[in-house]
Amino acid sequence: MRAWPAPDLPALPVQAPPVRVHDSSTGRLVETRPQGPARLYVCGITPYDATHMGHAATFVGFDLLNRAWRNAGHDVVYVQNVTDVDDPLFERAAKVGIDWRELAARETELLRQDMAALRIIPPDHFPGAEESLDLIVDLIRRLEDAGAVYAVDDDLYFSVSADPTFGDESGWTRDEMLAVYADRGGDPDRPGKKDPLDCLVWRAERPGEPALDSALGRGRPGWHVECTAMALDLLGERFDVQGGGTDLVFPHHEMCASEAQVLTGTPFAQAYVHAGMVGYDGEKMSKSKGNLVFVSALRNSDVDPMAIRLTLLRHHYRSDWEWTDDQLWASLDQLDTWRRAVAVGAGAAAMPVVDAVLSALATDLDAPAAVALVDAWADATLGSSGLADTSDPHAGATVRSLLDAALGLVL
Ligand code: 5CA
Ligand code: ZN
């Protein structure tokens, strides 16, 4: 599919340090070491509703990684998928009485507009599952050849016992997995399965359900195998970072990692990076709970998208937090202060701020630290706590470029 227009990226006067991120599989901070372009896969939306602040926070988090790599001198190949073949989409389309392809197309278009407004660097590949059907089916067949797939009635399942490393991505115990599997799209109790944790890779056509024509007959792929196939096809083996929210640690990313391990004999990704959950009104923001704050709704009320982005940046990508409207108003004030500070032209020394911001972002994408550094610079420049410091004649322009290139904020 088509992605969205790319924002301009100003060049910075210095190169950023190598990027370290928190890897869920080891629980440690690991240095990314891209060989050739840095390769990133981020699990994208299931397009049955508009982009909410939780999605936006996750995509902004990985946009910081994309920017940190670029500022460190790497090319980046970024893939973000669209899950345009999956149960939640079909269910919503049936409920509201609209064609599922039409619903997916409409919500994907809204995502494009939201992402462009938030100045998120677009993915180089933006694949949907339907357009990737042949390669997904091909991957299912290769898993079958490897002896890792079996049939239950006319459906096909991936056998987790085929992968001796199953569980490594999440680090979860079997009991922990079993406790949530049914709530997260799994079907542990289906009779005929060899292991309750085995996951569906192909669902044969059922009367009244959407189905696609394929070499496996009419039906549709399971969710996990879609991402495995798209990532391996577009990025190759052992790409640098597999990303998404912590809601995907298990089963989604575990199953993807396991299927890839069986096929390629090597780990799916070098690091598995997960963004925290954004909540609203005391619950995880989710379509099923209906407690959503939409990016598009705020944009339609004339909220500056940069204030939305700054609100997201004030939280570390790994933390769980609650959206409140007063944070948005505070961000509007903060942007106003920063705009006044850069408008002075001369200001407090900018190069130490550039170095410190790039180093904060290279250390597990610490945007809140970066925001605090810019605040301190703005205070010194405006003289909020004493005399205004205007010792650096180019400070305003330098900080403006820094905010744009490293944090995606245009003042
Ligand atoms: N299509 C699948 C991934 S293949 C999916 O999870 N879609 S989604 O629309 O539910 O979520 C899209 C992305 O936003 C995923 O990376 C997901 O982990 C993340 N996400 C969903 N809800 C939240 C939330 N409340 N806070 C933070 N991130 C979230
Ligand atoms: Zn995915």
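Visitor: Where is Leu365 placed?
Guide: Leu365 is in the loop between α11 and α12. Helices are DSSP runs of H or I with at least four residues, strands are runs of E with at least two, and both are numbered from the N terminus. The model is predicted, so local features need pLDDT of at least 70 and side-chain atom pairs count only at pLDDT 80 or more, while totals for chains, interfaces and linings use all residues. Residues are numbered from 1 along each chain as its sequence is written, chains are lettered from A and ligands numbered from 1 in the order in which they are written, and side-chain values use heavy atoms, with hydrogens and water left out.

Visitor: What about phi of Leu365?
Guide: Phi of Leu365 is positive, about 55 degrees, although the residue is not a glycine.

Visitor: Buried or exposed, that Leu365?
Guide: Leu365 is buried, at a relative accessible area of 1%. Buried means under 20% relative accessible area, exposed over 50% and partly exposed in between, with a 1.4 Å probe and protein chains only.

Visitor: Which loop holds Asp364, then?
Guide: Asp364 sits in the loop between α11 (351-362) and α12 (367-382). Its phi is near 55 degrees, a positive value in a residue other than glycine. Asp364 is buried, with a relative accessible area of 5%.

Visitor: Change of topic. What coordinates the zinc ion (ligand 2)?
Guide: Cys43 (SG), Cys227 (SG) and His252 (NE2) coordinate the zinc ion, at 2.1 to 2.3 Å. Donors are N, O and S atoms within 2.8 Å of the metal, or 3.2 Å for Na, K and Ca; water is not among the atoms, so sites may look incomplete.

Visitor: What is the geometry of the site of the zinc ion (ligand 2)?
Guide: The site is tetrahedral, with angles of 101 to 118 degrees among its four donor atoms. Four donors count as tetrahedral if all angles lie between 85 and 135 degrees.

Visitor: What spacing do the donors follow along the chain?
Guide: The spacing is C-x183-C-x24-H. Cys43 is in the loop between β3 (38-42) and α1 (53-71) and His252 is in helix α7 (residues 249-264), so this pair ties together parts 209 residues apart in sequence. Cys43 and His252 are both buried.

Visitor: Which residues are joined by a cis peptide bond?
Guide: Phe250 and Pro251, with omega about 0 degrees. Pro251 belongs to helix α7, which is also where His252 lies.

Visitor: At what angle do α4 and α6 pack?
Guide: Helix α4 (residues 133-145) and helix α6 (residues 223-235) pack at about 100 degrees, and their axes are 9 Å apart. That makes α4 roughly perpendicular to α6. Axes are lines fitted to C-alpha atoms, for helices over the stretch in contact, and angles run from 0 to 180 degrees between N-to-C directions. Under 35 degrees counts as roughly parallel, over 145 as roughly antiparallel, 65 to 115 as roughly perpendicular and the rest as oblique.

Visitor: Which residues of α4 make the contact?
Guide: Leu135, Ile136, Leu139, Ile140 and Leu143. On the α6 side, the residues include Val225, Ala229, Met230 and Leu232. Contact means heavy atoms within 4.5 Å.

Visitor: And how far apart are the axes of α9 and α10?
Guide: Helix α9 (residues 305-313) and helix α10 (residues 325-343) have axes 8 Å apart, at an angle of about 110 degrees. That makes α9 roughly perpendicular to α10. Among the α9 residues in contact are Met306 and Leu310, and those of α10 include Leu332 and Trp338.

Visitor: Last one: what is the mean pLDDT of the protein?
Guide: The mean is 96, and 100% of residues reach 70 or more. pLDDT is the predictor's confidence in each residue, from 0 to 100.

How values were computed
Four donors count as tetrahedral if all angles lie between 85 and 135 degrees; four count as square planar and six as octahedral if opposite donors are over 155 degrees apart and all others between 65 and 115; anything else is irregular.
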